[in-house]
Amino acid sequence: MLGKLSYQFSLLLITLICMSYTYAQTGEQRALEAKRERLQKEIKEINRLLFAERKEKGDILDQMDALDQKINVRQELIRLTNQQTNLLNRQINVNIRMISKLREDLALLKEDYAKLIRRSYRNKSENSRLMFLLSSENFYQALKRFQYMKQYAQHRKKQGETIIEKTDELATLNKGLVEQRKQKEQLLVENKNAKRALDEEINSQKILLTSIQKNEAKYTAAIDKKRKEARKIDREIERLIRSAIASTNKKAGKSNVRTFALTPEAKIVATNFSANKGKLIWPVEKGIKSQGYGVYSDKLYPGIKHRNNGVTITTDKGSKARAIFEGEVIAVLSVPGGSRGVQIKHGNYISTYYNLSKLYVKKGDRVTAKDVLGDIYTSRFDGTTKLKFYLYRDSNRLNPEEWIYQL
C-alpha cells in the first residue's frame, strides 16, 4: 500500500513538473510567435515600401541597403522559426512523456476501481448493509460502520470521477499533440520557403555587387555624394542645437554652451521624456526602419565606413511626420539644396524631423505627442518617402533605436 502511495505521489510530482514546464514553454512559444509575425510583417513592408516602386530607378546605394536589410530580416526570421521548431520538439517530447505517465496512472486507477467494485459486490452478496449495521455490538460500533460505509461509497465515487478526469485529460493531451505536430510541419514548410526566398535575395545582391564592381567610379561617387549630404544635415542640426542652448542660457544668465539651463517646468518635461525611454511613439504613423543608427561597413568595400547619426524611416507616400512627445518647436531647418525639417525641445532633449516638403508648425509653437509637424517628402527619382529622425540630449547624440518603441 505504501509503495503504491509512493508511486502515485511520484507520478503526481512528475505530472506537475511537466505541466509547469509546458506552461513556461507555451509562454515562450507565444513570445516567439509574436516576434515571427512582426518579422513577417516587416518583410512585407520592406517589399511594399522599398521594392514596389523603385525597380531599376533607385539609387544603387539605396538598392544595396534595401537588399541588405531584407536579407538580415529574413535570416532573423529563419533563426526564429528554427527556435520555434526546436521548442515545439521539446513540448512534443514532454507531452509524449505526460501521455505515457497518464496511461500508467489511468491503468492503476482502473485496477483499483475494479477491486473496489469486486469488494463491494462480495459485501453486497454476503451481507446486506442493514444486517451489517444491525450486527454491531453497540451504538458506537454501528456509527463507525455507518461512517465507513459512507466513506467507502464516497471513495468509490471519487475514483470513478478521477478516472473520467484522467481520460479527458489524456484525450486533451493527445489532441494537443496532434496540433503541435501540425504546427511543427507548418513551420518547417514556412522555413523551407523562407530559405528559398533568402537564396534568391542573396543571388540578387550578388548580381548587384557584380554590376557595382563593373562601375566602381559611379559607386564611390554615389557614396561621396551621400556623405556630403549627411554632413550638411548633421552640421546644421548641431549648429541649431548650439544656438538654442546659447539663447536659452543667455536668458537664464548662464554661460554654459553645451547643456541647457532648465526651468522647473522644463525639468519636469525632461524627466518625463527620460522615463519613457524605449516606449516613445514612432515619428510616423507607420513605416519601417530602412537605415539604423551608427557606423557600419560598406557591403562591397568593408574598408569604407558609413555613418548615420539618426535613423531613416521609409513610409507611404503622403505620410506626415508627428511629434514623439510634448515640447516646443525651437527651430525650422532649411538645408541648401535639401529639404526642410523641424526641431522640438523636450526639456533638454531635442528631436529632429528632416526631409519634409511642407511644414505645419513654426518656431515657438507648443506641441503634444502625435501632433502633425509636416508632410514627408517623396522622391521624384525613386518614389520613396523617407523621414530622417535624430535625437539629442543637450549637444550629445543619442541612438533613437533605444528610445522609440520597437524601432
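Q: Where in this predicted model is confidence lowest, and where is it highest?
A: In this predicted model, helix α3 (residues 129–134) has the lowest confidence, with a mean pLDDT of 55, whereas strand β5 (residues 320–322) has the highest, at 97. The average pLDDT of the protein is 78, and 74% of the residues score at least 70.

Q: Over residues 53–57, how many contacts does the model have beyond near neighbours in sequence?
A: That stretch, residues 53–57, has a pLDDT below 50 and makes 11 such contacts.

Q: Which residues touch the most other members of the largest nonpolar core?
A: In soluble globular proteins, nonpolar side chains tend to be buried together. Here the largest nonpolar core has 30 residues, and F273, I324, I344 and Y353 touch the most other members. The largest share, 4 residues, is supplied by β8. Among the contacts of F273 are I324, Y349 and W403. Another core, of 15 residues, lies apart and includes L240 and Y354.

Q: What span should α6 have at 1.5 Å a residue?
A: The 12 residues of α6 should span 16 Å, and the C-alpha atoms at its ends are 17 Å apart, which agrees.

Q: Which residues of α6 are buried, and which are exposed on the other side?
A: A266, V269, A270 and F273 are the buried residues of α6. Because they cover an arc of only 100° around the axis, they lie on the same side of α6. P264, K267, I268, T271 and A275 are exposed on the other side.

Q: Against which strands do the buried residues of α6 pack?
A: The buried residues of α6 pack against β7, β8 and β11.

Methods. Residues numbered from 1 in each chain as written. Predicted model: local features only at pLDDT ≥ 70, side-chain atom pairs only at ≥ 80, totals over all residues. Heavy atoms only, no water. pLDDT = per-residue confidence, 0-100. Helix = DSSP H or I, 4+ residues; strand = E, 2+ residues; numbered from the N terminus. Contact = heavy atoms within 4.5 Å. Core = buried A, V, L, I, M, F, W, Y, C linked by side-chain atoms within 4.5 Å. Buried < 20%, exposed > 50% of the residue type's maximum accessible area, 1.4 Å probe, protein only. Expected span 1.5 Å × (residues − 1). Arc of directions from axis to C-beta. Lists of a residue's contacts leave out its neighbours within four places in sequence.
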